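Could you walk me through this structure?

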Amino acid sequence: MHDESLNGEVLVILRHAPHGTSWLREGLDAALVAAAFGRRVTLLFVGEGVTALVAGQAVGALGQKGTQPTLEMLAMYDIDTLLVDQQALDERGLGVADLLLPVTTLAPPELAATLAAHPLVMNF
Amino acid sequence: MRYALLVQGGPYSRQAAHSALRFGEAAIARGHRLETVFFYHDGVYNAARLAAPPQDEPHLVDRFRALHDNHGTQLKVCIAAGLRRGLLDEREAARHGKQGHSLEAPFELTGLGQLIDAGLSHDRLITFSP
């Protein structure tokens, strides 16, 4: 059963781990800008992207700014719908207790419903 | 239909920009309107003014420029992603004390808000990522 309270206008899908590339940072930037423009933003962490939420991260070794401070700022931008692919957590031996923010986990059919429910979907 | 494309792959090293061009040109050929191409992440390199590929390879910068010249497609480059990677128009080059500029019209540096607007105001936003 799809929970309609999880629907927003803009769905930002984050598919990459926090370090190694700038995908996560640039994806989060897009989400923050959408929120700053008054759009209701939903974040969806899938695949390696679920590791972005693991608590206790340090700054990257390559001089990148860490993404954890940005994630901790999401609430200030009224981005409070954080969805996580349950299967991706399971595959990596992670549970919601390992994550730094409260999330809603989704099974595959709910993922499909979430995609269908957002007018704009952006992939990072 | 009114299309916007989001290009996030660099030219020549990834297929994303080639695919975006082919899709855009095909959509126009079928009677659709390609109103906006937004370049983000490594896609900003597709706006490099000084790109000089071998003559027997497609000139991606010129092909994007032709979309603007022939069909009025707006070519928008994320300013934050561009400046980090050395894509500066004349104004930004002067502001940062750089000799020469690497991006020129019809490509335009713009904010990420324009990407969100494009996504919500066009009938479709199609993402081309590596």
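A quick note on bookkeeping: residues are numbered from 1 along each chain as its sequence is written, while chains are lettered from A and ligands numbered from 1 in the order in which they are written. This is a predicted model, so local features need pLDDT of at least 70 and side-chain atom pairs count only at pLDDT 80 or more, whereas totals for chains, interfaces and linings use all residues.

Let's start with chain A. Five strands form an open, parallel sheet there, in the order S4-S3-S2-S1-S5. (Helices are DSSP runs of H or I with at least four residues, strands are runs of E with at least two, and both are numbered from the N terminus; two strands pair if DSSP finds at least two bridges between them.) Strand S4 (104–106) and S5 of chain A sit at the edges, each pairing on one side only. On average, neighbouring strands of this sheet are turned by 25° against each other, direction ignored. Strand S1 (residues 10–14) of chain A runs parallel to strand S2 (residues 41–45) of chain A, and five bridges join them. Within that pairing, A:Val10 stands opposite A:Val41 in S2(A).

H1(A) lies across S1, S2 and S5 of chain A, at about 165° to S1(A). Angles here run from 0 to 180 degrees between N-to-C directions, with axes fitted to C-alpha atoms, for helices over the stretch in contact. Helix H4 (residues 108–117) of chain A lies across S1, S2, strand S3 (81–85), S4 and S5 of chain A, running at about 105° to S4(A).

What about the core? The largest nonpolar core has 68 residues, and A:Val12 and A:Leu43 touch the most other members. Such a core is a set of buried Ala, Val, Leu, Ile, Met, Phe, Trp, Tyr and Cys residues joined through C-beta atoms within 7 Å. Buried means that 20 or more other C-beta atoms lie within 10 Å of the residue's own; exposed means 12 or fewer, partly exposed is in between, and C-beta atoms are placed from the backbone. Helix H1 (residues 23–36) of chain A gives this core its largest share, eight residues. Leaving out residues up to four places away in sequence, A:Val12 touches A:Gly27, A:Ala30, A:Ala31, A:Val41, A:Leu43, A:Met122 and A:Phe124. A contact means C-beta atoms, placed from the backbone, within 7 Å.

Over in chain B, five strands form an open sheet with parallel pairing, in the order S4-S3-S2-S1-S5. Strand S1 (residues 2–7) of chain B pairs in the parallel sense with S5(B) over five bridges, and B:Val7 has B:Phe128 as its bridge partner there. S1(B) also pairs with S2(B), over six bridges, with B:Leu5 opposite B:Val37. From S1(B), the chain crosses through H1(B) to S2(B) in a right-handed β-α-β crossover: with the strands pointing away from the viewer, the path from the first strand over the helix to the second runs clockwise.

Finally, where do the chains meet? Twelve residues from chain A and 13 residues from chain B make up the contact. On the chain A side, H1 and strand S5 (120–123) of chain A are the elements that give two or more residues, and H1(A) supplies the largest share, five residues.

Methods
Contact = placed C-beta atoms within 7 Å.
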